[in-house]
Amino acid sequence: RLVATRLRSQMQYRTSFLVTTLVTFLGLATEFLAILILFSQFGDLRGWEVGEIALLYAMASIAFGISDMVGAGFDIFPESIRRGEFDQVLLRPAGVFTQVLAADFQLRRLSRIVLGFGALGLALSWTSIVWTPEKLLYLVVVLLCGAVMFTSLLVLGATICFWTVQSVELINILTHGGTELTSYPLPIYHELMQRFFTFVVPLAFVSYFPSLYLLDRPGSGDVPGWAPFLSPLAALLMAVVARLAWGFGVKHYRSTGS
C-alpha cells in the first residue's frame, strides 16, 4: 500500500513523469552508446566482443535498475537520519525495514531496466548463445540475485549512517561504481580487484560468472566450472549480512536530536 500510494502521487503529473523518464533513459543510453562507439574502433576487449560486452552491460543494468527502483529508500536514508525523520518511522505501526524500503519508490527508474532489456536484445542478436529452458531460468535467477546483491549494499550503506549520520562514499563506489565494473569482464582489472569483487564484495557473480555459463566460455585462471552457479549463494550471504547489520543498527539507534 505504501508503494501504491507513492505511484499514484507520481502519476498525478503525467507529463512531468514522462519527460523525466525519457530524459533519464536518454542519459543512460549515452553510456551504452559510448561502449558501442569504442568497440567500433577497437573490435574486442581482452577477447570479449561487442555482443558479449552487451550481455554483461545488460545483466548489470537490469540488476541495478531493479535495486535502484525498489531499494532507493536506503540510498536517501542519510537525509532521514539528519532531519530526525527516522524517529517518526519508529513510531509508526509498520515494519521499519518496509517503510524505509518504500520511502523512495520511483517508477521513472524503470528507464534503466528498459535500457538493460534493450541491450539484452542486442546481445542476443550479436552472440550465438544456444538457449535452453535451463539457461532461460538461470538468467531470470541471476538477474534477481544481482538485484539482491546491489540492494544489500544499499542497506549496508544505510546501516553505517546510524553511526556516521551521513552517507559513506565507499558504498556509492560499490553500488553505482559497481554497475560500471560489472559491465565489463573481470579479467581486465587488477588481480587484487578481481579477488575483492569475488570473495569480499562478490559483484563478480552479478554478470561476469553468469555470462561464462550463458556464453559457454571457459573461465580465466583458476575459476572452477561451477563458479557461475554460486550467484544465489553470494546473494543470500550478502542479504543475510545486510539484514543482520540493519537490525543491529536499528537496535542501537540514538536520535540525532534534530
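Student: Where is the kink in helix H10 centred?

Tutor: In this predicted model, helix H10, which covers residues 169-181, has a kink of about 25° that is centred on Thr 175.

Student: And is Thr 175 buried or exposed?

Tutor: Thr 175 counts as buried, because its relative accessibility is 0%, and the cut-off for that class is under 20%. Leaving aside residues up to four places away in sequence, Thr 175 touches Phe 64, Phe 150, Leu 153 and Leu 154.

Student: Which other residues of H10 are buried?

Tutor: Along with Thr 175, the buried residues of H10 are Ile 171, Leu 174, Gly 178, Thr 179 and Leu 181.

Student: Switching to the core, how many residues are in the largest one?

Tutor: The largest nonpolar core has 47 residues, and those with the most contacts inside it are Trp 48, Leu 55, Met 59, Leu 139, Met 149, Leu 203 and Phe 209. At least two residues of this core come from each of helix H2 (14-42), H3, H8, H9, H10, helix H12 (208-215) and H13, while H3 gives the most, with 10 residues.

Student: What does Leu 55 touch?

Tutor: If residues up to four places away in sequence are not counted, Leu 55 touches Leu 120, Ala 123, Ile 129, Ser 211, Leu 214 and Leu 215. There is also a second, separate core of 15 residues, which includes Val 96, Val 155, Ala 242 and Trp 246.

Student: OK, now the surface: which residues form the nonpolar patch?

Tutor: The patch is formed by Leu 233, Leu 236, Leu 237, Val 240 and Leu 244, which together have about 490 Å² of accessible area. Val 240 lies in helix H13, residues 231-251, and counts as partly exposed because its relative accessibility is 40%.

Student: What about Val 241, how is that one classed?

Tutor: Val 241 lies in helix H13 and counts as partly exposed at 48% relative accessibility. The C-alpha atoms of Val 241 and Leu 156 are separated by 8.3 Å, although these residues are 85 residues apart along the chain.

Student: How many salt bridges turn up in the whole structure?

Tutor: A search of the whole structure finds six. One of them joins the side chains of Arg 217 and Glu 52, with an N to O distance of 3.2 Å. This pair links distant parts of the chain, 165 residues apart, with Arg 217 in the loop between H12 and H13 and Glu 52 in helix H3. Arg 217 is partly exposed, with a relative accessible area of 23%, whereas Glu 52 counts as buried at 13% relative accessibility.

Student: Which residues are linked in a network of salt bridges?

Tutor: The network links Glu 79, Arg 82, Arg 83 and Glu 85. In the salt bridge of Arg 82 with Glu 79, the closest N and O atoms are 2.4 Å apart, and in that of Arg 83 with Glu 85 they are 3.6 Å apart.

Student: Why are Arg 82 and Glu 79 separated by about one helical turn?

Tutor: Arg 82 and Glu 79 are separated by about one helical turn because they are three residues apart in helix H5, residues 77-83. Arg 82 counts as partly exposed at 37% relative accessibility, and Glu 79 is partly exposed with a relative accessible area of 30%.

Conventions: Residues are numbered from 1 along each chain as its sequence is written. This is a predicted model: local features need pLDDT of at least 70, side-chain atom pairs count only at pLDDT 80 or more; totals for chains, interfaces and linings use all residues. Side-chain values use heavy atoms; hydrogens and water are left out. The bend at a residue is the angle between axes fitted to the seven residues ending there and the seven starting there. Helices (H or I, at least four residues) and strands (E, at least two) are DSSP runs, numbered from the N terminus. Buried means under 20% relative accessible area, exposed over 50%, partly exposed in between (1.4 Å probe, protein chains only). Patches are made of residues with over 30% relative accessible area and no salt bridge: like charges are joined within 9 Å, nonpolar side chains (Val, Leu, Ile, Met, Phe, Trp, Tyr) within 5 Å. Accessible areas come from the Shrake-Rupley method with a 1.4 Å probe; for residues, only the protein chains shown count as cover. A salt bridge is a side-chain nitrogen of Lys or Arg within 4 Å of a carboxyl oxygen of Asp or Glu. A nonpolar core is a set of buried Ala, Val, Leu, Ile, Met, Phe, Trp, Tyr and Cys residues joined through side-chain atoms within 4.5 Å. Contact means heavy atoms within 4.5 Å.
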